[in-house]
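Have the sequence and the 3D view open as you read.

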Amino acid sequence: MKRFVEAADEKSIWSIKKYMNSKPTQHYIPTINDTVTTNEEKAAQLREVLLPALASLPQADTSDITATHIYPEPVPCNLIVTKQQLKRAVGKIAPDKAPGPDEITNRILKKNITNLQAHLLTLAQACINTGYFPSTFKKTLTVVLRKPNKPDYTKPNAYRPIALECTIGKILESIITELLSYLIETHDLLPANHFGGRPQRTTEDAMMILTENVYRSWKQREIFSVIFMDVAGAFNNVHHNRLIHNMKQRRIPTQLVKLAQSFLTGRTT
């Protein structure tokens, strides 16, 4: 094969391309850190770097979260899942994304939503009513992908883990996220200058407000200081007890708080 490629001309090179497209080669991870060679050792090394044990993470100060802490009254709401919400959740998913451990693709859900609608509605409503996220949807399959344009792929940090979830679980997550977003915007549960993860609020909006504040300070002959922080592993390292505490402080309904707590408990990959 090597000699054939070396001898290829402007015509035969297209035959090689056709052959390569029809017979994809397996992705290859080179020797890690000049010592790790076997697939088992590579997996262990990548797992240690990309998915560190909880014991190795910095400990958060949760001394202010006590059993006697008094939380404000949750906002009033009617947590009923509608057909329109379900259709929006299914409509958002890309049909050909890689499936999770159940091997059910998004395309199957989209093609059979008419037959599955009643069952999915019952499941979503039961999750909200009980504050329980099914354990079968908390099992994921983690694959390791190369970060683009990295100079050295023998280093574990040149890769990133991607968790493939069960597709029905992602539908439930989308419905719950929409409910949370609706409550947050309806009852003003977040500060006005919070832009991340909110509808109709873009990076451009945030930069425009920042620019206007800078200009306003300049007009008053003042100095405007800005601090930019890039939090490493922000989502992976969220402290669960702190998150649940903050949700209660923000007056999120009890069922959704319990559901978030269930979602974060007992996850495996």
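What you're looking at is a predicted model, where local features need pLDDT of at least 70 and side-chain atom pairs count only at pLDDT 80 or more, while totals for chains, interfaces and linings use all residues. Residues are numbered from 1 along each chain as its sequence is written, and side-chain values use heavy atoms, with hydrogens and water left out.

A quick word on names: helices are DSSP runs of H or I with at least four residues, strands are runs of E with at least two, and both are numbered from the N terminus.

**Two helix pairs**

Here are the two pairs side by side. Axes are lines fitted to C-alpha atoms, for helices over the stretch in contact, and angles run from 0 to 180 degrees between N-to-C directions.

| Pair | Axes | Angle |
|---|---|---|
| α4 and α6 | 11 Å apart | about 120° |
| α7 and α10 | within 12 Å | roughly 140° |

That angle makes α7 oblique to α10. As for handedness, a crossing is left-handed if the near helix is turned anticlockwise from the far one by less than a right angle, and right-handed if clockwise. α4 passes α6 in a right-handed crossing, and α7 passes α10 in a left-handed one.

Which residues of α7 and α10 make the contact (heavy atoms within 4.5 Å)? From α7 come E173, I176, L180 and L183, and from α10 come L256, L259 and F263. Sorted by type, that's 6 nonpolar, no polar and 1 charged. Here Ala, Val, Leu, Ile, Met, Phe, Trp, Tyr, Cys and Pro count as nonpolar, Asp, Glu, Lys and Arg as charged, and the others, Gly among them, as polar.

Over at the other pair, K83, L86, K87 and V90 of α4 meet I113, Q117, L120 and L121 of α6. This contact divides into 5 nonpolar, 1 polar and 2 charged residues.

**Zooming in on Q117**

Q117 sits in helix α6, residues 113-130.

**The cores**

A nonpolar core is a set of buried Ala, Val, Leu, Ile, Met, Phe, Trp, Tyr and Cys residues joined through side-chain atoms within 4.5 Å. The largest one has 33 residues, and L86, I171, I175 and I252 touch the most other members. Helices α4, α6, α7, α9 and α10 each supply at least two residues of this core, and α7 gives the most, with 8 residues. There is also a second, separate core of 7 residues, including I32, V36, L50 and A158.

Back to I252: leaving aside neighbours within four places in sequence, I252 is in contact with P74, L180, I184, L189, M247 and V257.

**Around α10**

The buried residues of α10 are L256, V257, L259, A260 and S262. Their cover includes α6, α7 and α9. After α10 comes G266, with a positive phi near 70°.

Technical notes:
Buried < 20%, exposed > 50% of the residue type's maximum accessible area, 1.4 Å probe, protein only. Contact = heavy atoms within 4.5 Å. Parallel < 35°, antiparallel > 145°, perpendicular 65-115°, else oblique.
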